[in-house]
Structure formats: structure tokens, C-alpha cells
Amino acid sequence: MYRSTFKGGCHPFEGKEMSSTKPVVNLEPGPELVFPLSQHAGAPATPVVKPGDEVLAGQLIAEANGAISANIHSSVSGKVKAIQKRPLPTGGVGMSIVITNDNEYREVEYKPASLEELSRDQILERIRAAGVVGMGGAGFPTDSKFNPSNYEKIEYLVVNGAECEPYLTSDYKNMTDSPEKVIGGIKIALKVLPNARAIIGIEDNKPDAISIFRDKCSGEPKIEVAKLKTKYPQGSDRMLVYATTGKKISPKERSNKFGVVVVNVSTLAAVYDAVIEGKPCIERIFTVSGDDIANPGNFRVRIGTLYSEVLKAAGGTIQDPEKYINGGTMMGFAMYDLTSSVTKTASSLLALKKDEVSANEPPTPCINCGKCGFACPIYLMPNKMYKLANNGDKEGFLKMYGDYCIACGCCSYVCPAKIPLKQSFKTMNSIIKAEKKKRRAEVKK
């Protein structure tokens with residue numbers, strides 16, 4: 001049952017007008033590109049090249065290490081400079097392949113195909129070989145997502161065109177500039193999920209995208225466009241599934257158990273490239289925005305390009321920014337430098353003149369107003385969870401279903417006392433996960 005929205009949520013400043021009207025500009029990378037081996041969910045990829053090797057654009061440089069992992073390809077031609085630890089966009093460091101760009105952009109020979117000639121297994125293999133992962137941020141390998149054990153029982157393919165995070169317009173540009181690719185990706189997904197029908201969920205702050213897809217899908221009996229209310233976090237899997245199908249899914253459950261597969265519009269465009277054009281996942285549309293960016297816009301960026309180079313392409317900053325953010329302002333990560341590189345799951349770089357959070361007065365005591373509970377889209381009680389997390393009461397925190405938190409940040413956003421609720425829950429859940437991992441390791445010994 002199509003509902004258009006969900007309970008809870010909030011309405012942060014959108015900021016999309018800064019980049020939504022800007023055309024997508026092709027950005028050529030600098031002299032050195034960095035390819036982290038962990039830019040997807042699951043195990044890091046395993047290098048298949050060594051320092052000194054010559055590579056071509058589109059060439060495999062690291063292969064998937066197991067079922068939940070993904071291949072990585074060079075996005076330029078050049079020479080492998082090193083395989084070493086480098087900074088990651090989310091903080092920390094990770095093993096990466098460093099390639100020197102020869103600026104010739106010589107490519108491997110791609111092998112196009114038509115959807116009609118491919119079997120289900122061949123489609124999944126082409127997606128796997130191309131290294132396509134969830135480009136909305138989750139990074140789950142798309143061939144695995146399209147191949148659940150109960151694939152014949154999947155009823156809905158829910159297409160995420162909500163892009164509810166403030167400032168971000170990369171998905172929007174994919175929808176308005178390349179709707180044929182997105183729709184082509186949907187048709188590919190429907191072939192491997194033969195009993196599903198597709199519902200494309202788009203927020204009503206994108207009327208032109210809704211119009212484009214309704215027009216182009218008017219003759220497609222298995223594809224529907226759902227106009228959704230603009231509200232954060234509409235693009236979160238569980239919220240999106242409820243808004244488009246009426247199905248309620250716990251954060252602890254996989255949606256495919258309920259007959260639903262959720263996929264992002266940018267991922268579907270990459271699926272089209274992989275299956276029909278035979279191209280691996282070596283580029284993506286990337287937003288550079290924020291009130292401290294000189295020329296906010298959207299860029300077609302080769303994977304491995306340094307953040308500093310993308311910032312330069314947008315004219316740099318107006319002044320020294322208070323904060324850089326990788327991703328959106330609600331669920332993104334603050335960056336301490338720009339020496340890391342764009343990965344498959346990286347959608348944007350934001351630069352803000354003022355840190356609205358740190359600029360406020362220090363947090364005041366909770367007054368139990370309940371606003372955080374009303375805003376929570378999964379019906380938790382953040383005020384009580386915070387007290388338990390702040391006291392280190394892991395058992396009590398779990399009894400309040402604290403590990404169900406999706407870290408959307410709605411509770412922190414609406415809190416009049418400016419208590420860092422989301423941060424405390426993330427910290428507590430990180431501690432709980434680390435302890436579980438340690439116990440599992442001890443059991444194996």
C-alpha cells in the first residue's frame with residue numbers, strides 16, 4: 001500500500017538549490033590516483049597488480065575476496081606506484097593501490113551486450129565482474145543484493161530516488177540527465193528478479209525528475225513512480241519501503257526476507273553500464289557544495305581522484321571553512337584533510353563556513369520533552385537511551401533496543417537541549433560491536 005511517507009523524521013535545511021541547476025562537468029584527475037581496497041561492504045579486495053605494473057583504464061587491479069566483496073578497477077591508464085596505507089574518506093587509513101596517471105586514458109576493450117541475449121546468471125556475473133556496489137553509501141555488492149536465496153519470491157524492487165540528505169544532488173542529476181540508464185538498470189534488475197515490480201520513490205521537491213520518469217515509464221506495466229513527501233530520512237531503506245509498499249521492516253532484518261529489494265538510482269545507472277556497455281564501475285557523479293564553496297556543482301569524477309582536486313575544480317573555498325564533510329550533513333563524516341580519494345560510495349564533499357553544532361551553547365540537561373521520540377523514525381526512546389549510554393549501561397541500552405538505531409541524527413537535530421544523542425548511540429553501538437567481535441574471536445580460538 002503506497003503511503004508516501006513515514007512516522008517521525010525531521011526537515012533540515014535542504015541547500016540543494018546550490019548545485020541542482022548546475023550541469024555535470026567531466027573532471028580529469030591529477031597526476032596520482034588512490035584506490036582503497038575497502039570501498040564496499042565486506043572483505044577488502046585483493047590486489048592483482050604490483051608496483052611497476054602498467055595498467056589501462058577499466059583494468060582489474062584488485063579482485064573480490066569472497067561473496068561479500070567487490071572487484072576494483074583502475075579508472076586511468078598509467079603505472080602502479082605503490083600498494084600502501086593511505087587516508088580514507090571516513091577517517092583512519094587503509095591499504096590502497098596508488099597509480100600514476102599518464103593522462104592518455106587508454107582503455108581496455110569493453111564487451112557490450114543486449115539484455116535479451118543474456119541469461120540471469122550472465123547478468124549477475126557481468127555486475128559482479130564490473131565491481132558494482134551500492135553507490136548510495138552502503139556499498140553492498142549489487143550482484144549479491146540481486147541474488148537472494150528467495151529471489152523468485154521478491155515482490156518489489158524499490159528504487160531509491162529520494163536523496164533526502166541536505167545539499168546532495170548527485171542522484172538527482174543521474175535521474176534528470178540519464179533517465180534511460182536508470183530505467184535500463186531497472187529492467188535489468190527485473191529480469192533477475194522475475195516476479196517483482198518496480199516502484200521508483202522520488203521526493204516531491206524534485207518535480208522535474210518525477211515528471212521525467214512518469215513520462216518515460218508510462219508504457220511500462222511493471223514500473224511505477226511514487227511521489228513521496230519531502231522529509232528526512234525518506235531515503236533510508238526501512239522508511240522508503242514503508243512509504244512505497246506499506247511493509248514494516250525491522251532494522252535487524254534484511255528487506256529481501258519480506259519480498260523487497262532496495263536499490264539506489266546511481267547504482268542502477270552503474271548496473272546498466274556494466275551489463276549493457278560492459279564497463280566496470282570506475283566513475284560516478286559527485287556533488288561539491290556548501291556555503292563556503294566558490295562554485296558549487298556536480299562533477300563526473302573518476303574513482304581514485306583526490307578530494308583536494310575535486311575541491312579545486314569547484315573553485316575552492318571562499319574562506320577557511322569551519323568544517324569539511326564527506327557525504328551529507330546528517331549522516332556524513334567530518335574530514336580532517338582532503339588527501340583521501342573519491343570511492344564508489346562517496347557522493348559529495350561539503351564545505352561549511354560555520355559549524356552550527358559547535359557554535360551553539362553547551363548542551364543543557366534533558367527536560368524530557370519527548371521531541372526526540374516523536375522524531376525517531378523507528379520508534380525508539382532516545383532520551384532514555386542517552387541516559388543509559390552516558391552511564392555505560394550496555395545491558396540497559398540493549399533492552400531499550402539501542403542497537404536498532406540507524407544513526408539518522410533526527411533526535412539530535414530536534415533536541416532543544418542540543419544533546420549529542422546520535423553520537424552517544426554510535427559510540428555505544430561501536431563498543432557493543434567490538435565486544436561481540438572479540439568474543440567471537442575468543443570462541444574460535
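How many residues of strand β2 (residues 32–36) are buried?

A: Happy to. First, some ground rules: this is a predicted model, where local features need pLDDT of at least 70, side-chain atom pairs count only at pLDDT 80 or more, and totals for chains, interfaces and linings use all residues. Residues are numbered from 1 along each chain as its sequence is written, and side-chain values use heavy atoms, with hydrogens and water left out.

Five of the five residues of β2 are buried, so this strand is largely enclosed by the rest of the structure. Here buried means under 20% relative accessible area, exposed means over 50%, and partly exposed is in between, with a 1.4 Å probe and protein chains only. Strands are DSSP runs of E with at least two residues, helices are runs of H or I with at least four, and both are numbered from the N terminus. In a regular strand the side chains alternate between the two faces of the sheet. In β2, both faces are covered: E32, V34 and P36 are buried on one side, L33 and F35 on the other. The partner is strand β8 (residues 93–101), which pairs with β2 in the antiparallel sense over five bridges; two strands pair if DSSP finds at least two bridges between them. Within this pairing, F35 stands opposite I97 of β8.

Five of the six residues of β14 (residues 297–302) are buried. β14 runs parallel to β1 (residues 24–27), with four bridges joining them, and F299 is the bridge partner of V25. With β13 (residues 283–289), β14 pairs in the antiparallel sense over six bridges, V301 being the partner of R284. These strands belong to an open, mixed sheet of six, in the order β1-β14-β13-β17-β15-β16. Its edge strands are β1 and β16 (333–335), each pairing on one side only. From one strand to the next, the twist averages 30°. Helix α3 (residues 170–177) lies across β1, β13 and β14, running at about 125° to β13; axes are lines fitted to C-alpha atoms, for helices over the stretch in contact (heavy atoms within 4.5 Å), with angles from 0 to 180 degrees between N-to-C directions.

β13 also takes part in an aromatic pair. Its F286 and the Y307 of helix α8 (residues 307–313), 21 residues apart, link distant parts of the chain. Their centres are 5.8 Å apart with 75° between the planes, an edge-to-face arrangement. Rings of Phe, Tyr and Trp (its six-membered ring) pair if their centres lie within 6.5 Å; planes under 30 degrees apart count as stacked, over 60 as edge-to-face and the rest as tilted. Both F286 and Y307 are buried.

Just after α6, G246 takes a positive phi of about 80°.
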